[in-house]
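Subject: Structure handover and notes

Hello,

Here is the structure for you to look at. My notes are below it.

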Amino acid sequence: MSEIIVYTVPGCPFCNKLKSILKDKNIPFKDLDITKDKEGAKGTVQKEGHIPTPQVDVKGRVIYDYTTEEALVEEIQKLLKQK
């Protein structure tokens with residue numbers, strides 16, 4: 001199983017950009033559509049009454065606040081290198 005879960009919703013341009021960058025960098029991840037997997041969505045952070053997307057769970061650390069998708073991928077890569 002992948003160490004990365006990307007929580008997404010259909011049609012989200014930020015989700016699509018993040019997934020594209022991860023694929024381009026050959027970083028494996030599980031794509032979890034929170035509109036279809038309500039049980040899986042329980043691992044997300046809710047903010048102001050909704051679930052911001054994309055959110056990324058890397059080894060149990062959920063990231064939902066970031067500046068750009070590229071910066072988020074850099075953070076993911078740093079976390080993957082940690083033991």
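Two words on the basis. This is a predicted model, in which local features need pLDDT of at least 70, side-chain atom pairs count only at pLDDT 80 or more, and totals for chains, interfaces and linings use all residues. Residues are numbered from 1 along each chain as its sequence is written, and side-chain values use heavy atoms, with hydrogens and water left out.

Helices (H or I, at least four residues) and strands (E, at least two) are DSSP runs, numbered from the N terminus. Two strands count as paired if DSSP finds at least two bridges between them. As background, strands of a sheet pair through backbone hydrogen bonds, either parallel or antiparallel.

Strand 1 (residues 4-8) pairs with strand 2 (residues 30-33) in the parallel sense, over four bridges. Thr8 has Asp33 in strand 2 as its bridge partner. Strand 1, helix 1 and strand 2 form a right-handed β-α-β unit. Right-handed means that, with the strands pointing away from the viewer, the path from the first strand over the helix to the second runs clockwise.

Contact means heavy atoms within 4.5 Å.

The salt bridges

There are five salt bridges in the structure. The term means a side-chain nitrogen of Lys or Arg within 4 Å of a carboxyl oxygen of Asp or Glu.

Glu69 and Lys17 meet through their side chains at 3.9 Å, N to O. This pair links distant parts of the chain: Glu69 is in helix 2 (residues 69-81), Lys17 is in helix 1 (residues 13-24), and 52 residues separate them.

Glu70 also forms a salt bridge with Lys17, with the closest N and O atoms 3.3 Å apart. Again helix 2 is linked to helix 1, as Glu70 and Lys17 are 53 residues apart.

Glu69 is buried, at 7%. Buried means under 20% relative accessible area, exposed over 50%, and partly exposed in between (1.4 Å probe, protein chains only).

Glu75 forms a salt bridge with Arg61, and their closest N and O atoms are 3.0 Å apart. Glu75 lies in helix 2 and Arg61 in strand 4 (residues 61-63), so the pair ties together parts that are 14 residues apart in sequence. Glu75 is partly exposed, at 26% relative accessibility. Arg61 is partly exposed too, at 42%.

Single residues

What does Glu69 touch, not counting residues up to four places away in sequence? The list is Phe14, Lys17, Leu18 and Ile21.

Lys19 lies in helix 1. At 15% relative accessibility, Lys19 counts as buried. Its side chain makes a polar contact with the side chain of Asp31, at 2.9 Å. A polar contact is a pair of N or O atoms within 3.5 Å; within protein, one must be able to donate a hydrogen and the other to accept it, and residues adjacent in sequence count only if both atoms are side-chain atoms. Neighbours within four places in sequence aside, Lys19 is in contact with Val6, Thr8, Phe29 and Asp31.

Gln82 lies in the segment after helix 2. Gln82 is partly exposed, with a relative accessible area of 47%. Its C-alpha atom is separated by 9.7 Å from that of Lys59, 23 residues away along the chain.

Best wishes
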